[in-house]
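Visitor: I have a structure to look over with you. Can we go through its pockets, strands and charged pairs?

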Amino acid sequence: MPAEPIRVVVTGAAGQIAYSLLYSIAKGDVFGKDQPIILILLDIPPMLPVLDGVVMELQDCALPLLREVIPTDKVEVGFKDIDAAILVGSMPRKEGMERKDLLKANVAIFKTQGSALDKYAKKTVKVLVVGNPANTNCLIASKSAPSIPKENFSCLTRLDHNRACSQVAMRCGVSSDSVKNVIIWGNHSSTQYPDVHHAKVNVHGSEMAAYDAVKDDAWLRGNFISTVQQRGAAVIKARKLSSAMSAAKAICDHMRDIWFGTKEGEFISMGVYAGGNSYGIPEDLIYSFPVQIKNKTWKMVDGLAINDFSRAKMDATAAELVEERDTALDFLSQ
């Protein structure tokens with residue numbers, strides 16, 4: 001018997017990240033090669049004509065797993081009975097816009113979407129927030145959906161994680177799958193902390209600590225960190241557009257790991273609810289931690305030794321998140 005189709009919604013579906021993402025989802029790269037999919041594309045009313053074009057293209061791909069494509073601008077249609085929600089759409093920062101104004105606009109969007117998830121989605125729905133500021137948007141969505149477990153909400157730091165892996169791999173002259181267990185701590189912003197103190201690199205068949213493989217502590221504590229932190233800005237500067245292809249790939253990696261689990265002995269980074277963490281991070285935040293996933297459930301990796309260098313960077317990104325959260329919660333209560 002073929003599997004029952006799952007319902008997957010992508011918001012901001014007429015945008016460029018979605019354009020890079022939808023094909024991968026529809027062809028089975030994320031939820032499995034034998035999992036039929038009903039794809040719901042949600043965007044704002046002015047984007048509906050563009051969505052029609054995206055629908056035509058998805059139809060024209062003739063993908064056997066794609067059972068139906070539903071374009072909509074209505075949350076009650078978009079979030080009805082869904083199994084997975086990928087929230088890409090958000091208010092982008094415009095020239096001369098204060099961070100506060102950006103937060104205010106996004107609180108409104110993610111309050112609406114969180115409430116709609118609460119009302120219409122399955123209680124088992126897995127929600128991935130991509131739209132920036134992703135950690136705080138994710139927290140607002142979760143708080144607006146009290147009947148859905150907090151653990152079902154995560155935000156994307158896998159792109160930062162992949163960037164860090166790739167930098168280390170290039171430096172060591174190995175393929176990116178020879179690097180594992182890098183960590184992104186904190187906010188998906190330029191305060192994030194890419195940490196390789198626990199990472200391993202496979203060099204010519206033998207596994208060694210990243211610091212031993214790279215043999216350049218100054219780079220690992222300096223340019224490596226700033227390159228990963230600033231990479232999004234560097235891509236925008238070069239392309240005049242944001243990193244859509246790599247963001248879409250990271251979304252696929254993140255969702256596939258939620259669905260099928262992480263490899264034995266490996267962990268990945270994602271922004272999750274910080275409650276009960278063992279690293280002294282304030283509880284009521286969505287913060288990026290190292291996690292392992294099994295049976296669609298993530299578990300923080302505990303007990304990793306944290307040196308003073310790491311501690312300071314982990315606390316700095318937490319402080320930024322606390323400030324963002326407090327500003328956002330002010331808006332939420334208005």
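Visitor: Is D29 buried, partly exposed or exposed?
Guide: This is a predicted model. D29 has a relative accessibility of 22%. Buried means under 20%, and exposed means over 50%. D29 therefore counts as partly exposed.

Visitor: Which side chain meets D29 in a salt bridge at 2.7 Å?
Guide: The 2.7 Å runs from N to O.

Visitor: What separates D160 and R163 in helix α6?
Guide: Their side chains meet in a salt bridge of 3.4 Å, N to O. D160 is buried, and R163 is buried too. The two are three residues apart in α6, so the separation is about one helical turn.

Visitor: How many residues apart are R171 and D216?
Guide: Their side chains meet in a salt bridge of 2.9 Å, N to O. R171 sits in helix α6, while D216 sits in the loop between α7 and α8. The pair links distant parts of the chain, and the spacing is 45 residues.

Visitor: Are R171 and D216 buried, partly exposed or exposed?
Guide: R171 has a relative accessible area of 43%. D216 has 25%.

Visitor: How many salt bridges does the structure hold?
Guide: R171 with D216 is another. The structure holds 14.

Visitor: Which element gives the most to the lining of the second largest pocket?
Guide: This pocket holds about 580 Å³ of space. Elements that give two or more residues to its lining are α6, β7, β10 and α10. With five residues, the one that gives the most is α6.

Visitor: How many charged residues are in the lining of the second largest pocket?
Guide: The lining has 25 residues, and R158, D177, V179, K263 and E266 lie nearest the centre. Five of the lining residues are nonpolar and nine are polar. The charged residues number 11.

Visitor: Which residue stands opposite V179?
Guide: An open sheet of three strands runs in the order β7-β10-β11, paired antiparallel. Its edge strands are β7 and β11, each pairing on one side only. Two bridges join β7 to β10. In β10, the residue opposite V179 is V201.

**Cavity and domain**

Visitor: How many nonpolar residues are in the lining of the largest cavity?
Guide: The whole structure has two cavities of 30 Å³ or more, and about 60 Å³ lies in the largest. Its lining includes F153, I258, M270 and W298. Strands β5, β6 and β14 each supply at least two residues. Three lining residues are polar, three are charged, and the nonpolar ones number six.

Visitor: Which domain does UniProt place at residues 7-153?
Guide: Over residues 7-153 the chain is 41% helix and 18% strand. The end C-alpha atoms are 17 Å apart. The unreviewed UniProt entry names the domain "Lactate/malate dehydrogenase N-terminal".

Key:
Residues numbered from 1 in each chain as written. Predicted model: local features only at pLDDT ≥ 70, side-chain atom pairs only at ≥ 80, totals over all residues. Heavy atoms only, no water. 1 Å grid on protein atoms, 1.4 Å probe; cavity = no way out; pocket = protein on both sides within 12 Å on 5 of 7 lines; lining within 4 Å. Points joined across faces, edges and corners; volume = space filled by probe spheres on them. Helix = DSSP H or I, 4+ residues; strand = E, 2+ residues; numbered from the N terminus. Nonpolar A, V, L, I, M, F, W, Y, C, P; charged D, E, K, R; others polar. Pairing = 2+ DSSP bridges. UniProt positions renumbered as here; feature names shortened; annotations may be inferred. Salt bridge = Lys/Arg side-chain N within 4 Å of Asp/Glu carboxyl O. Buried < 20%, exposed > 50% of the residue type's maximum accessible area, 1.4 Å probe, protein only.
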